[in-house]
Amino acid sequence: MYEETDADLVSMARADNTEAFRLLIERYRPMAFAIALQKVSQQETAQDLVQEATLQAYLSLNQLQDASCFKNWFYGIVLNTCRYWRRKQHTFFISLDESAEDLLKADDADPSDLVEENELRAAMQEALQQLSVKNREAMVLFYYEDISIEGIAERLELSASAVKSRLYQGRNQLQKLLTTRYPELSLNGTRKQRRK
């Protein structure tokens, strides 16, 4: 019995054959679920992420250049979906940690300083979300997770110079975004002030 290749099924799916797309996904769902489960360690969340990746694959099927490479292409979509979910979770936990720190400091700090610090932190989080995905990923790993450039390079499968480039671009993007809102953060300040 002849079994359609991935390329055959992609071709049929592009011609609005939903059964062909279903067969394609069923072929690689176990792989997708295993990847997602490895990344998030929660079965229900992993299933949701596979579902989301499946929808993304369906909506962008016409962007797949080599139909015979569906497996690797879908694998990449699943990985990116998991990475995006983890970044969102990381940002949420950072916010909670910072809120707890603020409560601990509230007794011995000037209230106006706390308000200003919280406002700046919120502006930083907002600006961080506006960075390109690649630059934001490098910035979060370096500044929030305190991972070395070599560690980031290994995790993202990049060279150290590529990580440095993303950090440089990310800092420049952040500076432009923040100086429009806080002109006092411009390059006119001392190096120490700018770093803070």
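**A chat about the model**

Modeller: Happy to! Let me begin with asparagine 135: setting aside neighbours within four places in sequence, asparagine 135 is in contact with Arg166, Gln169, Gly170 and Gln173. Keep in mind that this is a predicted model.

Colleague: Thanks. Where is asparagine 135 placed, and is it buried or exposed?

Modeller: Asparagine 135 sits in helix α6, which covers residues 133-144. Its relative accessibility is 5%, so asparagine 135 counts as buried.

Colleague: OK, changing topic to charges. How many salt bridges does a search of the whole structure find?

Modeller: Four. One of them joins the side chains of arginine 27 and glutamate 3, at 3.3 Å from N to O. Arginine 27 belongs to helix α2 (residues 18-40) and glutamate 3 to the segment before α1 (6-14), so this pair ties together parts that are 24 residues apart in sequence.

Colleague: How accessible are arginine 27 and glutamate 3?

Modeller: Arginine 27 is partly exposed, at 29% relative accessible area, whereas glutamate 3 counts as exposed, at 58%.

Colleague: Which salt bridge does arginine 22 form?

Modeller: Its partner is glutamate 19, with the closest N and O atoms 2.6 Å apart. Arginine 22 and glutamate 19 are three residues apart in helix α2, so about one helical turn separates them. Arginine 22 has a relative accessible area of 40%, which is partly exposed, and glutamate 19 is partly exposed too, at 38%.

Colleague: What does arginine 29 pair with?

Modeller: The side chain of arginine 29 meets that of glutamate 26 in a salt bridge, 3.4 Å from N to O. Both lie in helix α2, three residues apart, about one turn of the helix. Arginine 29 is partly exposed, with 28% relative accessibility, and glutamate 26 is partly exposed, with 39%.

Colleague: Which residues do salt bridges that share partners join into one network?

Modeller: Those are Glu3, Asp6 and Arg27.

Colleague: Nice. On to the rings: what's the count of aromatic pairs?

Modeller: There are four. Among them is phenylalanine 21 with tyrosine 58, an edge-to-face pair at 5.0 Å centre to centre, with 65° between the planes.

Colleague: Why would you say that pair ties together parts of the chain?

Modeller: Because phenylalanine 21 lies in helix α2 and tyrosine 58 in helix α3, 37 residues apart in sequence. Phenylalanine 21 is buried, at 8% relative accessible area, while tyrosine 58 is partly exposed, at 38%.

Colleague: And what kind of pair do tyrosine 28 and phenylalanine 70 form?

Modeller: A tilted one: the centres are 6.1 Å apart, with 40° between the planes. Tyrosine 28 is in helix α2 and phenylalanine 70 in helix α4 (residues 70-105), so the pair ties together parts 42 residues apart in sequence. Tyrosine 28 counts as buried, at 12% relative accessibility, and phenylalanine 70 is buried, at 0%. Ring pairs also link Tyr28, Phe70, Trp73 and Phe74 into a cluster.

Colleague: What does threonine 54 touch?

Modeller: Not counting residues up to four places away in sequence, threonine 54 touches Phe21, Ile25 and Phe74. Threonine 54 is part of helix α3, residues 43-59, and is buried, at 12% relative accessibility.

Colleague: Last one: where does serine 159 lie?

Modeller: In the loop between α7 (149-156) and α8 (160-181). Serine 159 is partly exposed, with a relative accessible area of 39%. Its C-alpha atom is 9.2 Å from that of isoleucine 149, 10 residues apart along the chain.

Note on methods: Residues numbered from 1 in each chain as written. Predicted model: local features only at pLDDT ≥ 70, side-chain atom pairs only at ≥ 80, totals over all residues. Heavy atoms only, no water. Helix = DSSP H or I, 4+ residues; strand = E, 2+ residues; numbered from the N terminus. Buried < 20%, exposed > 50% of the residue type's maximum accessible area, 1.4 Å probe, protein only. Contact = heavy atoms within 4.5 Å. Phe/Tyr/Trp six-rings, centres within 6.5 Å; stacked < 30°, edge-to-face > 60°.
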